[in-house]
Amino acid sequence: MSSTGSRVQALENEGEIAADYLEELLDIADLDGDLDMDVEGDRAAVSIVGAELSQLVGRDGEVLEALQELTRLAVYRETGERSRLMLDVSGFRAARRAELEKIAAEAVERCKESGSKVSLDAMSPFERKVVHDAVAAAGLISESEGVEPRRFVVILPE
């Protein structure tokens with residue numbers, strides 16, 4: 001098997017382990033939810049979809065972030081490998097990604113028009129990654145500044 005094939009297989013295995021863990025958690029919490037697994041780029045992705053799962057997202061995705069870390073730990077416990085698994089609940093991350101891409105596009109325009117650097121609000125690592133990718137796609141450079149949990153993105157002019 002090629003190294004690409006074995007990498008995809010390893011990521012699919014991560015998704016399976018994560019799904020088993022999350023299924024147990026949903027049972028314990030007596031929540032209904034369906035699990036979707038995928039491999040997106042270089043990471044496993046698991047989504048929980050269901051009627052009312054806002055308690056698994058929390059305010060500004062705080063519960064989702066914690067749940068993702070616990071799920072990554074469960075994968076690590078089984079595989080011995082650090083996981084970059086991405087967890088989404090009820091499309092929260094997908095909607096947030098679209099919102100962040102819009103924020104990044106507007107900030108890039110402000111930066112280009114003013115010729116000055118533009119600083120954004122503090123964001124989670126996931127949010128900063130989305131913004132960095134959007135800024136790079138627009139042809140500018142960005143960097144993270146500050147200290148967690150107040151780290152933020154700065155977009156630099158050309």
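This is a friendly dialogue on how to read the features of one predicted model.

Reader: Let us begin with sheets. How do strands pair, and what is the order of the strands in the open sheet that contains β1?

Author: In general, strands of a sheet pair through backbone hydrogen bonds, either parallel or antiparallel. Strands (E, at least two residues) and helices (H or I, at least four) are DSSP runs, numbered from the N terminus, and two strands pair if DSSP finds at least two bridges between them. Here, three strands make an open sheet in the order β1-β2-β3, and the pairing is mixed. β1 (34-40) and β3 stand at the edges with a single partner strand each, so one side of each has no neighbour in the sheet. From one strand to the next, the twist averages 20°; for such angles, axes are lines fitted to C-alpha atoms, for helices over the stretch in contact, and the angles run from 0 to 180 degrees between N-to-C directions.

Reader: In which sense do β2 and β3 pair?

Author: They pair in the parallel sense, over four bridges. To find the place in the structure, look for Ala45, which stands opposite Met86 in β3.

Reader: What is the strand order in the sheet that contains β4?

Author: That open sheet has three strands in the order β4-β6-β5, with antiparallel pairing. Its edge strands are β4 (118-122) and β5, each pairing on one side only. β4 and β6 are joined by three bridges, and Ala122 has Phe152 in β6 as its bridge partner. Helix α4 (residues 125-137) packs on this sheet and touches β4, β5 and β6, with its direction at about 160° to that of β5. Helix α3 (residues 92-114) lies across β4 and β6 and runs at about 150° to β4.

Reader: How many residues lie between β5 and β6 in their hairpin?

Author: There are six residues between them, and Gly146 in the turn has a positive phi of about 90°. β5 (residues 141-145) and β6 (residues 152-156) pair in the antiparallel sense over five bridges. In β6, Val153 is the bridge partner of Ser144.

Reader: Is Asp60 buried or exposed?

Author: Buried means under 20% relative accessible area, exposed over 50%, and partly exposed in between (1.4 Å probe, protein chains only). Asp60 has a relative accessible area of 61%, so it is exposed. Asp30, at 68%, is exposed as well. Val57, in the loop between β2 and α2, counts as buried at 9% relative accessibility.

Reader: Which residues touch the most other members of the largest nonpolar core?

Author: A nonpolar core is a set of buried Ala, Val, Leu, Ile, Met, Phe, Trp, Tyr and Cys residues joined through side-chain atoms within 4.5 Å. The largest one has 17 residues, and Ile48, Leu56, Leu87 and Val89 touch the most other members. Two or more residues come from each of α1 (3-29), β2 (43-49), α2 (62-79) and β3 (86-89). The most come from α1, which gives four. A second, separate core has 16 residues, including Leu100, Val108, Leu120 and Val131.

Reader: And which residues does Leu56 touch?

Author: Contact means heavy atoms within 4.5 Å. Not counting residues up to four places away in sequence, Leu56 touches Leu26, Leu31, Ile48, Val63, Leu64, Leu67 and Val89.

Notes
Residues are numbered from 1 along each chain as its sequence is written. This is a predicted model: local features need pLDDT of at least 70, side-chain atom pairs count only at pLDDT 80 or more; totals for chains, interfaces and linings use all residues. Side-chain values use heavy atoms; hydrogens and water are left out.
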